[in-house]
Amino acid sequence: MNINDDRKLIRARDIVLIAAVLAAAAAVYWVTADFSGKKRYAVISCGGETVAEVSLDRFGDYSFPETGNMVFTVGGSGISVSKSGCPDKICMRTGNISRAGEAIICVPNRTAVKVKNAPGENDIDVVLR
Amino acid sequence: MARRFFRHYNYNKIAGTVSAAALTILLCSCSGADKTASSQSFVFDTYSQITVCGNDSEDVLSEVGSILSEMSGDFDLCYDMTANELPQNDLYCDCLSKTRELNRRYGNGINVFCGKLTKLWGISTDSPRVPADEELAAVLAELPDALTENIPYGAMLDFGAVSKGYACDKVFEVLEKKDMDYGIISLSSTTLMYGKKHGGKPFRTGLTNPLTGEGYAGIIETEAAFISTSGGYERYFSPEGTNDKYCHIMDMTTGRPVETDFASVTVIVSADVPDGGILSDFLATMIFSEGTGNIDKWLACDDFQVVAISADGGVYSNCEGLELNESGGFYYEYK
């Protein structure tokens, strides 16, 4: 078999290259994806006081008296600020956050949204009470 | 060497290969997502959370939501039979007959005709009170037998011990009909875990520490199941100036809140058992009322599992998938 035959659709070195690209993509995925299976939740605080803790698997819009006209939206890609009366709208432009440690800060509203991993009982489906 | 390797490369072809690979990765990461739909609401006088996963999950979610809110209205705390409203509702009659069936099998500790008693104490209302002995005696004298076939005029029904479990049975039917992958229906004290989670992992249920009312006493791992908890730590009444605690579960013989040495009782029934929801709800209340004195009888049953936590922190269980937590400095021990 002549691997240098340019008429062939795929040559051996193509396969090497494809494998390299796939490996690189897998590496990127490995680094960015969350394999922990941990439940995450967002802590919404205003003026340093915790206003609410919202589980990121409870999709919906949330607003709280302490945070005025801000609306927080939890969806498939995490939590975002979907409405805010602040002048600069930096909080809204931050977009969705979903990984532990990420945060949205709204300085005019003195409000912060931080994503955390649920401590200890990360993978609980439901709480009975 | 590298130069030689890439020498013959057609760079358009490389670009094509790279985009094809990137597209593959993208498609892989999207498949399987977004089939899950969740919502929360107040039904059955409690906070409910529903998650369903499968085809048309949004439609199924709204169907389940409307069933629960409709049933929550029908099965409101007490149902007054005096207003010429003998049950016209099919669900009602069905729930009543299933409860009677459980009464026949497991005993009369639960009596859905106890509505007047519930109302007299008003434990879950804004104005609870300890009734006088004469008032209690009068209501007890008229209390219909749990097995009575003809509902006496003037009786009041209270489905509190079975309504959430019964509702979970109805939701189960919907999820099965719609062939959903899995669903988690939580009505606080009763939960339905339906189907199989993706990846085959078991469902994990956190059991609230009944001694503190917060944190977990343990975690229960199960396949698809109905799980109900009964406890006196959440709904109770403590008259001003006293240390007395009256829980919301009534003793049908004394007409007073049950005096039990259990802090909470959890019953797990496999989802393969028909009408497992009402069974788990019924049994949790029943076993809780009876206290530790009768627990061996229930632990010997093999058609359901029990995790009972006594007021002194002991755990009585025949449950295999149970992990006990150190919670609030307190460690549970098997007994």
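**Reading the model**

A: From its N terminus on, chain A of this predicted model runs through the elements α-β-β-β-β-β-α-β-β-β.

Q: What percentage of the residues of chain A count as buried?

A: Of its 129 residues, 19% count as buried. As for contacts in chain A between residues at least 6 apart in sequence, 32% join residues at least 24 apart.

Q: Which residues of H3(B) are buried, and why do they lie on the same side?

A: An α-helix has 3.6 residues a turn, so residues three or four places apart point the same way. In H3(B), the buried residues are Ser57(B), Val60(B), Leu61(B), Val64(B), Leu68(B), Met71(B) and Ser72(B). They lie on the same side of H3(B) because they cover an arc of only 105° around the axis. Exposed residues Asp59(B), Ser66(B) and Gly73(B) are carried on the face turned away from the buried side.

Q: What do the buried residues of H3(B) pack against?

A: Their partners in chain B are strands S1 (36-43), S2 (46-53) and S5 (182-187), together with helices H4 (90-106) and H7 (163-177).

Q: How do the axes of H4(B) and helix H8 (residues 276-290) of chain B cross?

A: These axes come within 11 Å and cross at roughly 50°, and the two helices are therefore oblique to each other. The crossing is right-handed. Lys98(B), Leu102(B) and Tyr106(B) of H4(B) meet H8(B) residues including Phe282(B) and Met286(B).

Note on methods:
Residues numbered from 1 in each chain as written. Chains lettered and ligands numbered in written order. Predicted model: local features only at pLDDT ≥ 70, side-chain atom pairs only at ≥ 80, totals over all residues. Buried ≥ 20, exposed ≤ 12 C-beta atoms within 10 Å, placed from the backbone. Helix = DSSP H or I, 4+ residues; strand = E, 2+ residues; numbered from the N terminus. Arc of directions from axis to C-beta. Contact = placed C-beta atoms within 7 Å. Axes fitted to C-alpha atoms, helices over the stretch in contact; angles between N-to-C directions. Parallel < 35°, antiparallel > 145°, perpendicular 65-115°, else oblique. Left-handed = near helix turned anticlockwise from the far one by under 90°.
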